[in-house]
Amino acid sequence: MVVVVLAVVPERLRGHLTRWLMEISPGVYVGKVSARVRELLWEQIRENCKHGRAIMAYSTDNEQGLAFKTHGQEWEPVDYEGLTLIMRPNTSQSQQRNAQHSEHTRRTGWSKASKMRRFGR
């Protein structure tokens, strides 16, 4: 089983995918194709996607039972001890500040919550 999700791609790419897969919703394609056809479809998607985004998920013989590929996405699949997880970029300003702060200095002492419990406030 193969699932492809496309966003902001040329119409010709969407039309090309309908030759091999069924479009069940705008930009969402499903079907059952061989591994060779799946790889050729992914090459076509990457070449013709331009500034769009694409995700391909397919069944495979591993612990999770599936694998996926991404193109033009901020979130990236990473292998973590044999499992594929999604790594999100650290984009929020508070997360960036916290990351910078923790790199340079490590805060010591009591947390605000423990101070409240300790002093009964």
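Tutor: Start at the surface, where Tyr80, Leu83 and Leu85 form a nonpolar patch with about 280 Å² of accessible area together. Patch members have over 30% relative accessible area and no salt bridge, with nonpolar side chains (Val, Leu, Ile, Met, Phe, Trp, Tyr) joined within 5 Å and like charges within 9 Å; a salt bridge is a side-chain nitrogen of Lys or Arg within 4 Å of a carboxyl oxygen of Asp or Glu. Areas are Shrake-Rupley values with a 1.4 Å probe, and for residues only the protein chains shown count as cover. This is a predicted model, in which local features need pLDDT of at least 70 and side-chain atom pairs count only at pLDDT 80 or more, while totals for chains, interfaces and linings use all residues. Residues are numbered from 1 along each chain as its sequence is written, and side-chain values use heavy atoms, without hydrogens and water.

The protein chain has four helices and seven strands, in the order β-α-β-β-α-β-β-β-β-α-α from the N terminus. These are DSSP runs numbered from the N terminus: helices are H or I of at least four residues, strands E of at least two. Of its 121 residues, 23% are buried, and the accessible surface is about 9500 Å², 51% of it from carbon and sulfur atoms.

The part to look at closely is the sheet, and S4 in particular. Five strands make an open, antiparallel sheet, ordered S2-S3-S1-S4-S5. S2 (22-25) and S5 each have a single partner strand, so one side of each edge strand lacks a neighbour in the sheet. The average twist from one strand to the next is 20°. Strands count as paired when DSSP finds at least two bridges between them. H2 packs on this sheet and touches S1, S4 and S5, its direction making about 170° with that of S4; axes are lines fitted to C-alpha atoms, for helices over the stretch in contact, and angles between N-to-C directions run from 0 to 180 degrees.

S4 covers residues 53-59. On one side, S1 (residues 2-7) is antiparallel to S4 and joined to it by six bridges, with Val3 opposite Ala57. S5 (residues 66-71) also pairs with S4 in the antiparallel sense over six bridges, and Ile55 has Thr70 as its bridge partner. Side chains in a regular strand alternate between the two faces of the sheet. In S4 the covered face holds Ala54, Met56 and Tyr58, whereas Arg53, Ile55, Ala57 and Ser59 lie on the uncovered one.

The S4-S5 hairpin has six residues between its strands, and Gly65 there takes a positive phi near 85°. Leu66, in S5, is partly exposed at 36% relative accessibility. Beyond neighbours within four places in sequence, Leu66 is in contact (heavy atoms within 4.5 Å) with Tyr58, Ser59 and Thr60. Its C-alpha atom is 9.3 Å from that of Met1, 65 residues away along the chain.

On the helix side, Asn48 is in H2 (residues 35-48). At 19% relative accessibility Asn48 is buried, and it touches Pro10, Arg12 and Leu13, leaving out residues up to four places away in sequence.

Key
Buried means under 20% relative accessible area, exposed over 50%, partly exposed in between (1.4 Å probe, protein chains only).
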